[in-house]
Amino acid sequence: MNERLQQLLNYTRREFFQRAGMGVGGAALTSLLANDLLAKTPSSANPMAARKSHFTPKAKNVIFLHMVGAPSHLDLYDAKPKLQELDGELVPDKLWEGLRLAFIREQPKLMGSPFAFKQQGEAGIPISELMPHLGSVSDELCMIHSLKTEHFNHAPAQLFFQTGFSRFGRPSLGSWVNYGLGSENSNLPGFVVLITGNVAGAGNSLWGSGFLPSIYQGVEFRSSGDPVLFLSNPKGMTGEDRKRIIDSVNHLNKVQLADIGDPEIATRINQYEMAYRMQSAVPELMDISGEPKHIHEQYGTQPGKASFANNCLLARRLVERGVRFVQLFDQGWDHHGSLVNGLKKKCKQVDQPIAALIQDLKQRGLLDDTLVVWGAEFGRTPMVQGDRKAPGRDHHKDAYTVWMAGGGVKRGFAFGKTDEIGFNVAENPMHVNDFHATLLHLLGMDHEQLTFKFQGLDMRITGVAGNVVPEIIA
């Protein structure tokens, strides 16, 4: 008798069921893993196709202005008369006991703002003299004076503000939006990043896709040279040559995608094809010289130069073309000393273009569908840091101000309140997780449903926290 057959006949009943069970279990596991992979694999046809939101959205696009380094909200938006009265006095013992700050080690003195505030617009929102142009559009703003975060060092706080976590490897807010809604323009990325100055301390993880397929990460557009690296054809290569190469490479990629099902292959296919389409779409987009003279005067733009004003105008041009999420990073707001001169300089750079952006969007009928967000990784202390001749403010995580405009938020509205010296939240606290949940809600997405399976868990930007704040929604 065949030796293999004799071996099978000699199996006991228990051995037979043990081996058979392992085989069935392996098949079941393989099936589950395959389904999991397919569930998170974008369509190879177009993984960036526009998708329906969970419910009717208030906004369709986002322009997110991140002031890197964290400006002092107490000198821009949160007027504190009592702090002015107490200027120069030691911070109360009950606040100082057990307090951890980034740099201040000895009990400091309180410092009132050296700048005057004025109630602006019909709503009477107080805004610093440093932001006169923003004051002219104050009735479009929804001020949030009670944001709280969990970190007082720049890199982890920046990551937390943009990804909901303080460690590297998580998808950014723009990537989640890109993943959830897709793009309305097949010739441009759904998530574009524009940077003024140096890159923030947390680096490109602030617009990274983390564990999401990399098709959803932000794409940095540059002010000089190729707007996107390696976008131009090499010398001696025509557009037809490039197209022929892309078609051949993607044919092989599609064969491999059908065989393996790796979502990164679908990303590669889409990025090759988009790069080819971007060769004509991006140069036209980035050339702002054709904008009317009054627009350049309104924004303070100078074609051909790198500036925050130019980036604000580009942000309008991007959302006008259907780009879903535009992220502007502006570096230089970390004022541990020379606060007065530093804030004057930075506000002069951003005040006019931000106000112009809001006005321009409104004039074009885009503000209702576009959510403009201004914020930073944390706020600043009401206590002085350093020499009183050139004072600064330390990092402060427990209470600070951000604002939104357009996109379904209440106009001329203030939410939340800090105590009389601006140290703690006194009314309506909003955690960064709540901030993310509310922003996604304005885009028609439930933050508890916008998930991605990773390492066996349904991951989301708000983790196991986050509540929508209905009070700020129009």
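Q: How many aromatic pairs does the count come to in this predicted model?
A: The model is a predicted one, and ring pairs are counted here when the centres of two rings lie within 6.5 Å. By this rule the count comes to 14 aromatic pairs.

Q: Is the pair of Tyr-179 and Phe-452 stacked or edge-to-face?
A: A pair of aromatic rings is described by the distance of the centres and the angle of the planes. For Tyr-179 and Phe-452 the centres are 5.6 Å apart and the planes stand at 80°. Planes over 60 degrees apart count as edge-to-face, so the pair of Tyr-179 and Phe-452 is edge-to-face.

Q: How many residues apart in sequence are the parts that Tyr-179 and Phe-452 tie together?
A: Tyr-179 belongs to helix H7, which covers residues 173-181, while Phe-452 belongs to strand S16, which covers residues 452-454. The pair therefore ties together parts whose separation in sequence is 273 residues.

Q: Is the pair of Phe-211 and Phe-452 stacked or edge-to-face?
A: The ring centres of Phe-211 and Phe-452 are 6.1 Å apart, and their planes meet at 15°. Planes under 30 degrees apart count as stacked, so this pair is stacked.

Q: Is Phe-452 buried or exposed?
A: The relative accessible area of Phe-452 is 4%, and a residue counts as buried when this value is under 20%. Phe-211 is buried, and Phe-452 is likewise buried.

Q: Which residues do ring pairs link into a cluster with Phe-452?
A: The cluster is held together by ring pairs, among them the edge-to-face pair of Tyr-179 and Phe-452 and the stacked pair of Phe-211 and Phe-452. Besides Phe-452, its members are Trp-176, Tyr-179, Phe-211, Tyr-216 and Phe-454.

Q: Which residues touch the most other members of the largest nonpolar core?
A: In soluble globular proteins, nonpolar side chains tend to be buried together. The largest nonpolar core here holds 56 residues, and its largest share, 10 residues, comes from helix H12 (residues 339-363). The residues that touch the most other members are Phe-221 and Trp-403.

Q: Which residue lies over the face of Phe-165?
A: A charge sits over a ring if, among other conditions, NZ of Lys or CZ of Arg is within 6 Å of the ring centre. At Phe-165 the distance from the ring centre is 3.7 Å, and the residue over its face is Arg-170.

Key
Residues numbered from 1 in each chain as written. Predicted model: local features only at pLDDT ≥ 70, side-chain atom pairs only at ≥ 80, totals over all residues. Heavy atoms only, no water. Core = buried A, V, L, I, M, F, W, Y, C linked by side-chain atoms within 4.5 Å. Buried < 20%, exposed > 50% of the residue type's maximum accessible area, 1.4 Å probe, protein only. Helix = DSSP H or I, 4+ residues; strand = E, 2+ residues; numbered from the N terminus. Phe/Tyr/Trp six-rings, centres within 6.5 Å; stacked < 30°, edge-to-face > 60°. Lys NZ or Arg CZ within 6 Å of the ring centre and 35° of its normal.
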